[in-house]
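Good morning, and thank you for making time for this presentation. I shall go through one structure, taking its loops, its aromatic rings and its pocket in turn.

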Amino acid sequence: MKPVKVTCDSSCDLTAQLYQRYEIAVMPMYIRLGDARFQDGVDLTCDVLFSQVDQSGILPCAVAPSTEEYKQFFFQYTVQGFQVVHISTSAVHSPAYQNAQAAARTLSDVFVVDSKNLSTGAGHLAILGVELSHASLDGAEIADALEDIKCRLATSFLPSFPRYLSQNDFRVGLAMRSAAFFQQNCAIQVQNGKLSAGKRFRGDWDASVLAYLRSQLENKPNIQHDRLFLTHNGLAPGLVQKAVELIHTLQPFDEIIVTTAGCASACLRGPNCLGIHYLHTT
């Protein structure tokens, strides 16, 4: 049986250490800011991105690699005898999946999975893909298994800048602006790749973050406890630590992994944002 190489878009937001540990290859997304275009994680950081947005007033946009770029990316592994399982950002929010799928049709042994998710929700699937490959599943079997698993992904986040979401989803952006008018913070849920406005929280930002975590995790019986990702953009270290400590009291996760979102995710969620990603048992 051919070995399997798991790849993903840079919007999966795993850390450099996790990419190295699981040997996951990353396809950089592009960031368009005005007339300029950058590669996510290569020649642009979130700090620089947010600074340029503040100075210019122009909102950034994540752009998918072309079909030809995906073809070249996959070919470097198939030519070595690998089967490739690629985890794509949600097709609802990007043409990345369609471009990767078009590239896969020109090659043998490439399987593209639409994560129907964002950020480390998709990253979670990439890690699971590697773990399934260690169980001697081939590429097609891994892709099929991930299609089933992704239905159990729970992804939500608490953004603080409505204008970033407004350019990607008018209804969600409207809900966030409404919440801001009443001095509330509005959680966003990701379901089947689509965004929807969730519960609102009153109070300062730190209190809202902790209340959001309680609403997602407290007294929830159908949570799989092997792994949770906490992914953020620019939260104060002290608040991140409080969030991790609170999660430990709410659910007995074996592992809580803290990651910082890249620029592709930041185009949607904006600065000062926190999200959590885990699996339901059913």
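Predicted model: local features only at pLDDT ≥ 70, side-chain atom pairs only at ≥ 80, totals over all residues.

I begin with Ser90, which is found in the loop between strand E6 (83–88) and helix H4 (96–104). Helices here are DSSP runs of H or I with at least four residues, strands are runs of E with at least two, and both are numbered from the N terminus. Residues are numbered from 1 along each chain as its sequence is written, and side-chain values use heavy atoms, with hydrogens and water left out.

Is Ser90 buried or exposed? Ser90 is buried, at a relative accessible area of 0%. Buried means under 20% relative accessible area, exposed means over 50%, and partly exposed is in between, with a 1.4 Å probe and protein chains only. The side chain of Ser90 reaches the backbone oxygen of Gly193 at 3.5 Å. Not counting residues up to four places away in sequence, Ser90 touches Asp114, Ser115, Lys116, Asn117, Leu118 and Gly193; contact means heavy atoms within 4.5 Å.

Thr89 lies in the loop between E6 and H4. With a relative accessibility of 6%, Thr89 counts as buried. Its contacts, leaving aside neighbours within four places in sequence, include Asp9, Ser11, Met29, Asp114, Ser115, Asn117 and Leu118. Thr89 and His232 are 143 residues apart in sequence, and their C-alpha atoms are 17 Å apart in space.

Lys116 lies in the loop between strand E7 (110–114) and helix H5 (120–134). Phi of Lys116 is near 50°, a positive value in a residue other than glycine. Lys116 counts as partly exposed, at 32% relative accessibility. Positive phi is also found at Asn272, where the value is near 55° and the residue is again not glycine. Asn272 lies in the loop between helix H11 (263–269) and E13, and at 25% relative accessibility Asn272 counts as partly exposed.

**Aromatic pairs**

Let me turn to the rings. A pair of aromatic rings is described by the distance of the centres and the angle of the planes. How many aromatic pairs does a search of the whole structure find? The search finds 5. Rings of Phe, Tyr and Trp (its six-membered ring) pair if their centres lie within 6.5 Å; planes under 30 degrees apart count as stacked, over 60 as edge-to-face and the rest as tilted.

Phe201 and Tyr212 form an edge-to-face pair, 6.4 Å centre to centre with 80° between the planes. Phe201 lies in strand E10 (residues 194–202) and Tyr212 in helix H9 (residues 205–217), so the pair ties together parts that are 11 residues apart in sequence. Both Phe201 and Tyr212 are buried.

Phe253 and Tyr278 have ring centres 6.1 Å apart and planes at 55°, so this pair is tilted. The pair links distant parts of the chain, 25 residues apart: Phe253 is in the loop between helix H10 (237–250) and strand E12 (256–260), and Tyr278 is in strand E13 (residues 273–279). Phe253 is buried, as is Tyr278. Elsewhere, ring pairs link Tyr70, Phe73, Phe74 and Tyr77 into a cluster.

**Ser156 and its polar contacts**

Tyr212 returns here as a partner of Ser156. Ser156 lies in strand E8 (residues 153–158) and, at 1% relative accessibility, counts as buried. Its side chain makes a polar contact with the side chain of Tyr212 at 2.7 Å, and a polar contact of 3.3 Å joins the side chains of Ser156 and Gln216. A polar contact is a pair of N or O atoms within 3.5 Å; within protein, one must be able to donate a hydrogen and the other to accept it, and residues adjacent in sequence count only if both atoms are side-chain atoms.

**The largest pocket**I close with the largest pocket, which is lined by 22 residues, with Asp40, Gly41, Ala261, Gly262 and Cys263 nearest its centre. On a 1 Å grid over the protein atoms alone, a pocket is an open set of points where a 1.4 Å probe fits, with protein on both sides within 12 Å along at least five of seven lines; lining residues have an atom within 4 Å of a point. The largest share of the lining, 3 residues, comes from H2.
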